Amino acid sequence: MYSFLTTENWADYELVDSGNFEKLERFGEYYVARPEPQAIWDKHLPEQEWQRLAQAVFTRDKGSQEKGQWKLKKGMPEQWFINYNYNDLKLRFRLGLSSFKHVGLFPEQDSNWKYIYDTTRKLKTPQPKVLNMFAYTGAATLAAKAAGADVTHLDSIKQVNFWARDNMEASNLDNVRWLVEDAMKYARREVKRGNKYNGIILDPPAYGRGPNGEKWQLENELNEMIKLCRGMLDGTDYFLLINLYSIGFSAMVLDNLMRDTFGDQVQNEELGELYLHDSGNRRLPLGTFFRFTSAKK
């Protein structure tokens, strides 16, 4: 089933507008403007409204596609908290203005967090083991933990793991296993050890580095990573979710990889795109996903 999924019913988040390669978002009570390469259309709101609303504006450094500076209005903090509620799931996230335009959270992942929470609770294993690789600040980790999982959170950047731990404590959760590791090296070791997980979550970047300079390039490494996940995934009680944010990467790539690698294990599958909708009713595409599970709907 091919689906277009968007973020819904989140009081503390709103994509206010998008266009001219920018997006204007509200996180809690604060409005943030930052670059968005896929927003190639015109803005819906007039420029003076953007200037009035935006309390933090990110501008790229000359010659850089990623790094830049934030310009803050008076009263705009560099860090603040927002809440996330879904049924019995209640999380709290610390946001911050990084030099790479990010704020510590990807709101379009809302539907994946809901899927992780619901699916983990449906597994038959009393305390299912879940592995979250490329785990960033841990929203998916906390969704699985809140659903009763024994969670291993892996990211190659130590400071990001500290940030994820702050989110765990703010959400009144505990007992997550934190690893600062290269994902590929860890997955290879786990396969050799014969260790199995009931759930695997992947949100790999297009390009990245491990803690010791290990190189990750999505198109070169993804096929092997998916095969390693097959070796780590429990054979009877399981789910797997992968999300990709890479311009030009079709969802069909994921469909081919998953069906070739997992075969009959692909059950109750969902394939599609994640997007955010703005006040002008435009849909901003922000990634493709593939997820499947042995758990019945």
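These legends go with a set of close-up views of one predicted model.

**View 1. The whole chain, before we zoom in.**
Start with the parts list: the chain has seven helices and 17 strands. Its radius of gyration is 19 Å, close to the 19 Å that the globule rule gives for 297 residues, so the chain is as compact as a globular protein of that length. Picture the C-alpha atoms in a box of roughly 55 × 40 × 40 Å along the principal axes. Buried residues account for 55% of the 297.

**View 2. An open sheet of eight strands.**
Read across the sheet and you get the order β1-β16-β17-β15-β12-β9-β10-β11, with mixed pairing. Which strands stand at the edges? They are β1 (2-6) and β11 (177-180); each has a single partner strand, so one side of each is left without a neighbour in the sheet. On average, neighbouring strands here are turned by 20° against each other, ignoring direction.

Strand β1 pairs with β16 (residues 270-277) in the parallel sense, over five bridges.

Helix α4 (residues 158-170) lies across β10 (150-155) and β11, and runs at about 165° to β11. Helix α5 (residues 183-193) packs on the sheet too, touching β9 (129-133), β10 and β11. The direction of α5 makes about 140° with that of β10.

Side chains of opposite charge can pair when their charged atoms come close. The structure holds 18 salt bridges, and in this one the side chains of Lys 23 and Glu 36 meet at 3.2 Å, N to O. Lys 23 sits in strand β3 (residues 22-27), while Glu 36 is in the loop between β4 (30-35) and α1 (47-53). Both residues are buried.

Glu 224 and Arg 188 meet through their side chains at 2.9 Å, N to O. Glu 190 and Arg 193 are three residues apart in α5, so about one helical turn separates them.

Technical notes: Residues are numbered from 1 along each chain as its sequence is written. This is a predicted model: local features need pLDDT of at least 70, side-chain atom pairs count only at pLDDT 80 or more; totals for chains, interfaces and linings use all residues. Side-chain values use heavy atoms; hydrogens and water are left out. Two strands pair if DSSP finds at least two bridges between them. Helices (H or I, at least four residues) and strands (E, at least two) are DSSP runs, numbered from the N terminus. Axes are lines fitted to C-alpha atoms, for helices over the stretch in contact, and angles run from 0 to 180 degrees between N-to-C directions. Contact means heavy atoms within 4.5 Å. The radius of gyration is taken over C-alpha atoms; the globule rule is 2.2 Å times the number of residues to the power 0.38. Buried means under 20% relative accessible area, exposed over 50%, partly exposed in between (1.4 Å probe, protein chains only). A salt bridge is a side-chain nitrogen of Lys or Arg within 4 Å of a carboxyl oxygen of Asp or Glu.
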